[in-house]
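This report goes through one protein model, moving from its strands and helices to single residues. Please keep the sequence and the 3D view at hand while reading.

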Amino acid sequence: MADNSFSDGVPADSGEAAKNAGSTEKLTDQVMQNPQVLAALQERLDNVSHTPSSYIETLPRAVKRRINALKQLQVRCAHIEAKFYEEVHDLERKYAALYQPLFDKRREFITGDVEPTDAESEWHSENEEEDKLAGDMKNKVVIAEKAAAGEPDPRGIPEFWFTIFRNVDMLSELVQEYDEPILKHLQDIKVKFSDPGQPMSFVLEFHFEPNDYFTNPVLTKTYKMKSEPDKADPFSFEGPEIVDCDGCTIDWKKGRNVTVKTIKKKQKHKGRGTVRTITKQVPNESFFNFFNPLKASGDGESLDEDSEFTLASDFEIGHFFRERIVPRAVLYFTGEAIEDDDNFEEGEEGEEEELEGDEEGEEEDDAEVNPKKESSQPAECKQQ
């Protein structure tokens, strides 16, 4: 059999390699002659050469040594800042005690345990002058008409907290239709801060009236916080952060657990070929999964992307209850706080557009100037 590995004294694989090398050189020449490719390469080289880290590398050793000293000072600043936030937490605890009597009275008005006096219920609206013109007579007529029509006078403020859940998008997204009857029994939400000398944390307490779903009068969610720079990355410290959370055990009444659902599944016997139907419980979407949170990884292993997102969302909701919902509950019930939040975001966008317009005006002197129009979210929780 003939050997085809050589042709004219040249190995076949060597000839193929030479041919490929020639093709590569030809392709390289074509690419390098493309002005767009050259411009992109030049831009990339320019960016690399002007990065802060590349500049630092060019500095003399003595200057780098002084920069390291500045970093040491910055770490000390971060630790002082951490102490500052610890004292802020102490201050929050102090003022929480001053707020609490007002929040207790708020609960009494909501539940109807106490009726506000005329002085307590007096409120001057934005249309105060217009209301004065109408006079007291008009109010008396309206009250008399309602009394004659037999208008009901419900106890307290019905569905106060449930209405807040419905008004706030961050919360309404968590609520399923079968959660709603339960949330209508919610009477109060409280924030409790950790005691002095204890690790920084806060507890959300959800107080329920007796209901047909569970026996707990209070459901709790504890958020654990940290106010210290990370040893591996101290410069990332920006204040206290939630690092983990614990839920509570919900003592569901029989057949009332909305966090699970029962499904039927068919199983076929491998040998006999017979089929049987079994029932099993599987997790169900519900707001009350809020009390059975995902645990942060404490063994150094990183969570997957979906778990990281779920945990971050949970922390955001905890902050929102603590900093917005509980302190300003009536404004989220009426929707005024939501309107304020929307207006604030629109104001930021409007300001940015105005600045962009000013810059365009400087570049184009002949451009006409349009007047700006005013714009009118313990032990690991177990579900039972």
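## Basis

The model is predicted: local features need pLDDT of at least 70, side-chain atom pairs count only at pLDDT 80 or more, and totals for chains, interfaces and linings use all residues. Residues are numbered from 1 along each chain as its sequence is written, and side-chain values use heavy atoms, with hydrogens and water left out.

Helices (H or I, at least four residues) and strands (E, at least two) are DSSP runs, numbered from the N terminus. Two strands are said to pair if DSSP finds at least two bridges between them.

## The four-stranded sheet

An open sheet has 4 strands in the order S3-S4-S5-S6, paired antiparallel. Its edge strands are S3 and S6 (241-246), each of which pairs on one side only. From one strand to the next the twist averages 20°; axes here are lines fitted to C-alpha atoms, for helices over the stretch in contact, and angles run from 0 to 180 degrees between N-to-C directions.

Strands S3 and S4 (residues 201-208) are antiparallel and joined by 7 bridges, with Asp188 opposite His207 of S4. S4 also pairs with S5 (residues 218-226), again antiparallel, over 7 bridges. Val203 has Thr222 of S5 as its bridge partner.

## Helices on the sheet

Helix H4 (residues 61-111) packs on the sheet and touches S3 and S4, where contact means heavy atoms within 4.5 Å. The direction of H4 makes about 170° with that of S3. Helix H10 (residues 305-325) also packs on the sheet, touching S3, S4, S5 and S6, and its direction makes about 75° with that of S4.

## The S7-S8 hairpin

Strands S7 (residues 260-268) and S8 (residues 275-283) pair antiparallel over 9 bridges. Lys266 stands opposite Thr277 in S8. The two strands form a hairpin with 6 residues between them, and Gly273 in the turn has a positive phi of about 80°.

## Burial and the nonpolar core

Buried means under 20% relative accessible area, exposed over 50%, and partly exposed in between (1.4 Å probe, protein chains only). Of the 8 residues of S3 (residues 186-193), 7 are buried. In helix H7 (residues 160-167), 6 of 8 are buried, among them Trp161 and Phe165.

A nonpolar core is a set of buried Ala, Val, Leu, Ile, Met, Phe, Trp, Tyr and Cys residues joined through side-chain atoms within 4.5 Å. The largest has 47 residues, of which Phe165, Phe206, Phe288 and Phe321 touch the most other members. H10 gives the most to this core, with 6 residues. Not counting residues up to four places away in sequence, Phe206 touches residues including Phe165, Leu186, Ile189, Phe291 and Phe321.

## Asn216

Asn216 lies in the loop between S4 and S5 and is buried, with a relative accessible area of 10%. Beyond its neighbours within four places in sequence, Asn216 is in contact with Phe208, Thr249, Ile250 and Asp251.

The side chain of Asn216 reaches the backbone oxygen of Thr249 at 2.9 Å.

## Cysteines

The structure holds 0 disulfides, a disulfide being a pair of cysteine sulfur atoms within 2.5 Å. Cys77 is partly exposed, with a relative accessible area of 45%, whereas Cys248 counts as buried at 12%.

How values were computed: Polar contact = N/O pair within 3.5 Å; in protein donor to acceptor, adjacent residues only side chain to side chain.
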